Amino acid sequence: QDHVANTMPQPYYRFDGSDDYIFDTAITGLHPNTGDYSIVFTAKFSSANLGSEEGVYYCSDDSPYDRHSLRLTSTNKLQWYIVVAGTGKECTADFNMRDDKWHNVSLTWDRDGGATGTKIYVDGIECSYTARDDFDSISGSLIPDSAFHVGKEHMNGGSASNFCEMELSSFKAYNLALSATEVKELYSGAS
């Protein structure tokens, strides 16, 4: 009998795109309104959903629906999005994620970096961008330590969800902006 070994590290999650997600009441210490942070994960996105919009993660206080999130757009790109007091900003990577391959993705936000302070890396290399707003130009405060979801994104104040069809082997949050060297080391396994 032929067997295919699962070489991905455990735990390993498969999201069906219809109702699967992971919920945490808070990621303590992640303060997108005041401090630097990074999100790093390894995932494979299905090419079966080309042209649909899916939420990879979102963190929201659900009142008045301020949030930071990551989604796959209908054009198959990663879009990091933040909304505070009704003002939205985005950083969209020009990289097709729906290719049925495993990728390591790192999002970093250096609060002192202006428009270039937000970076998206895929497999240790910074992406080019189709849009890159200055996240630091948002005034107001995004509530820290609020509900965190992986595998979906609430839209319209929580009345609708975009679930994501993906496989996920790791998801980490850091309360600092990882450097390009640190991102590459995390991808390559160097220490």
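A salt bridge is a side-chain nitrogen of Lys or Arg within 4 Å of a carboxyl oxygen of Asp or Glu. Keep that in mind as we walk through this predicted model.

**Salt bridges**

By this rule, the count comes to seven salt bridges. Arg-14, Lys-44 and Glu-167 are linked in a network of them. How do the two partners differ in accessibility?

| Salt bridge | N to O distance |
|---|---|
| Lys-77 and Asp-94 | 3.3 Å |
| Glu-126 and Arg-132 | 3.3 Å |

In the Glu-126 and Arg-132 pair, Glu-126 is partly exposed at 33% relative accessibility, and Arg-132 is partly exposed at 26%.

**A closer look at Lys-77**

Now let us turn to Lys-77, which forms a salt bridge with Asp-94. Lys-77 lies in the loop between E5 and E6, and Asp-94 in the loop between strand E7 (87–93) and strand E8 (102–109), so the pair ties together parts that are 17 residues apart in sequence. Is Lys-77 buried or exposed? Lys-77 counts as buried because its relative accessible area is 17%, and buried means under 20%. Asp-94, at 37%, is partly exposed. Leaving aside residues up to four places away in sequence, Lys-77 touches several others, including Arg-71, Thr-92 and Phe-95.

**Two loop residues with positive phi**

Most residues other than glycine have a negative phi. Asn-76 has a positive one, near 70°. Asn-76 is in the loop between strand E5 (67–72) and strand E6 (78–84), and is buried at 13% relative accessible area. Asp-123 also has a positive phi, near 55°. Asp-123 lies in the loop between strand E9 (118–122) and strand E10 (125–126), and counts as buried at 19%.

**Cysteines**

How many disulfides does the structure hold? The structure holds zero. For Cys-91, the nearest cysteine sulfur is that of Cys-127, 8.8 Å away. A disulfide needs the two sulfur atoms within 2.5 Å, so Cys-91 is in no disulfide. Cys-91 is buried, at 0% relative accessibility, and Cys-164 is buried with a relative accessible area of 0%.

Note on methods: Residues numbered from 1 in each chain as written. Predicted model: local features only at pLDDT ≥ 70, side-chain atom pairs only at ≥ 80, totals over all residues. Heavy atoms only, no water. Helix = DSSP H or I, 4+ residues; strand = E, 2+ residues; numbered from the N terminus. Buried < 20%, exposed > 50% of the residue type's maximum accessible area, 1.4 Å probe, protein only. Contact = heavy atoms within 4.5 Å.
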